[in-house]
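Colleague: I am new to this structure. Please take one part of it and walk me through it closely.

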Amino acid sequence: MAVIQFKKSAPNDEGRQRQAALLAFSAFSELKHVFLVDEDVDPFDLSDVIWAMNTRFQGDVDIITIPGVNCHPLDPSEDPTISPSIRRKGISTKVIFDCTVPYDQKERFVRAQFMDVDPKRFAPELFE
């Protein structure tokens, strides 16, 4: 699995994040899944990536599958006994999960800002 952080700076950047995922598959042939996230998502924090998936991803339009390609030979799910679509061991489906916001919708997807809270006020004994 790979997580690619992508910044859309202009309308013509739309779609380039998916091209980046295709390049990742080309560079790392054993890669099976790529998650695409915006610049406000920490690609090293799985909770943040899952947050992006839960708030910015729609399965009917943001999932791209590439069936019938070689992946990692040690993946036990890549076996013809698992699915009739797998013709031989090592063949699988690569998947892109596009968890980025459409460029023209960026203003709708601003994270909620939370107030700073002083925990000493609620549990002063913890800070003595």
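Modeller: Start at V49. In this predicted model, V49 touches V3, F35, V37, V41, D42 and P43, leaving aside residues up to four places away in sequence. Several of these names return in the largest nonpolar core. That core has 10 residues: F35, V37, V41, V49, A52, M53, F57, V95, F97 and C99. The top contributor is α2, with three residues. A second core of nine residues is separate, and includes A2, A21, L31 and L36.

Now the rings. The whole structure holds two aromatic pairs. In one, F35 and F97 have ring centres 4.5 Å apart and planes at 15°, under the 30 degrees limit, so they are stacked. This pair links distant parts of the chain: F35 sits in strand β2 and F97 in strand β4, 62 residues apart. F35 counts as buried because its relative accessibility is 10%. F97, at 13%, is buried too.

The other pair joins F57 and F97. Their centres are 6.0 Å apart and their planes meet at 50°, so this pair is tilted. F57 lies in the loop between α2 and α3 (59-62), and F97 in strand β4, so the pair ties together parts 40 residues apart in sequence. F57 is buried, as is F97.

How far can you trust the coordinates? The chain averages a pLDDT of 91, and 100% of the residues score at least 70. Confidence is highest in strand β2 (residues 33-37), at a mean of 98.

Key:
Residues numbered from 1 in each chain as written. Predicted model: local features only at pLDDT ≥ 70, side-chain atom pairs only at ≥ 80, totals over all residues. Heavy atoms only, no water. pLDDT = per-residue confidence, 0-100. Helix = DSSP H or I, 4+ residues; strand = E, 2+ residues; numbered from the N terminus. Core = buried A, V, L, I, M, F, W, Y, C linked by side-chain atoms within 4.5 Å. Buried < 20%, exposed > 50% of the residue type's maximum accessible area, 1.4 Å probe, protein only. Contact = heavy atoms within 4.5 Å. Phe/Tyr/Trp six-rings, centres within 6.5 Å; stacked < 30°, edge-to-face > 60°.
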